[in-house]
Amino acid sequence: MNKYYKTAKLSPGVIRIKGVGGEMCYLIQGTEAAYLIDSCTGYANLVQVVEALTSLPLHVGLTHGHCDHCGGAFFYPAFDMHPADLSVLQKHQSLEKRTAFIRTKDENVYQSMGGDAAFALYNGQSIRFLKHGDIINLGGNLKLEVYETPGHTKGSLCFVCRALHCAFSGDNVLDNTVLLHLPESADLQTYANSLRLLLALFEQGIDVLYTSHGCGTADHTLVQNLLQCCMDIQQNTDDKMPYSYFSIPCFLARRAHVTGNNLLSRNDGLPGNLAYPVQTN
């Protein structure tokens with residue numbers, strides 16, 4: 001197995017693939033086809049890793065267009081995404097952004113994999129645009145339902161697999177800090193509505209959300225914590241901790257401290273925090 005990726009079987013139909021920057025993607029396999037949700041940052045020939053895990057016809061779909069999710073899609077001739085994130089992808093497909101993500105995490109790893117030459121390049125791959133309600137059939141009664149869940153980005157998607165009682169929510173639900181302060185992020189009320197949509201999934205038989213960073217899983221309580229952050233911000237009762245992510249000033253809804261890998265953990269010990277634009281209040 002490629003030393004730059006770690007894999008873990010989560011259920012009979014789901015395998016998590018984790019990259020060196022802590023970014024995660026997921027391989028879902030039916031009886032007739034396989035689907036890769038997100039694709040890490042696109043280095044060290046992700047294709048070989050996936051081909052060692054499945055021989056089924058494969059397609060790739062993105063929860064959103066950021067560099068640590070879209071890069072591996074460029075190893076393939078086509079991929080799926082939401083049209084609202086096309087401008088995000090066009091910005092984040094750059095070699096500079098993607099190598100910077102890895103180099104910030106570990107310069108030695110970047111050098112050991114061969115530097116820039118290890119990265120796939122965006123060269124006009126075919127893009128299929130997804131919308132809410134689309135169904136991706138993988139065979140054997142296994143299908144993915146597409147949910148539009150704008151928040152972290154305006155084009156964020158969630159892929160719901162009812163047969164396996166799980167969903168794949170990208171960066172919209174994280175146990176550390178969800179970034180809602182970026183220029184491409186949706187407004188707070190829109191994000192809150194997306195969280196309510198995700199909460200409803202737990203009432204419909206979904207047991208877990210698989211996320212793309214952090215611990216990798218989210219339950220009902222974490223989603224509720226994030227929704228509570230939204231409501232407190234709207235009511236001006238949150239902690240409003242000044243911070244800066246990616247050189248963009250923001251507030252954190254809950255006071256937090258820096259832990260390993262520069263992730264922020266809430267001082268109260270609970271999971272889930274929001275970074276939001278300073279102009280919100």
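**View 1. S244 and its bridge partner in strand 16.** The bridge partner of S244 in strand 16 is P249. Strand 16 covers residues 248–252 and pairs with strand 15 in the antiparallel sense, over five bridges. Two strands are said to pair if DSSP finds at least two bridges between them. Helices (H or I, at least four residues) and strands (E, at least two) are DSSP runs, numbered from the N terminus. The model is predicted: local features need pLDDT of at least 70, side-chain atom pairs count only at pLDDT 80 or more, and totals for chains, interfaces and linings use all residues. Residues are numbered from 1 along each chain as its sequence is written, and side-chain values use heavy atoms, with hydrogens and water left out.

View 2. The four strands follow the order 12-19-16-15, with mixed pairing. Strand 12 (177–179) and strand 15 (241–245) are the edge strands, each pairing on one side only. On average, neighbouring strands of this sheet are turned by 40° against each other, direction ignored.

**View 3. Helix 7 across two strands.** Helix 7 (residues 220–234) lies across strand 12 and strand 19 (273–277) and runs at about 35° to strand 19. Axes are lines fitted to C-alpha atoms, for helices over the stretch in contact (heavy atoms within 4.5 Å); angles run from 0 to 180 degrees between N-to-C directions.

**View 4. The surroundings of T99.** T99 belongs to helix 4 (residues 95–105). With a relative accessible area of 6%, T99 is buried. A polar atom of the T99 side chain lies 2.8 Å from the backbone oxygen of L95. For the backbone oxygen of E96, the distance to a polar atom of this side chain is 3.3 Å.

Technical notes: Buried means under 20% relative accessible area, exposed over 50%, partly exposed in between (1.4 Å probe, protein chains only). A polar contact is a pair of N or O atoms within 3.5 Å; within protein, one must be able to donate a hydrogen and the other to accept it, and residues adjacent in sequence count only if both atoms are side-chain atoms.
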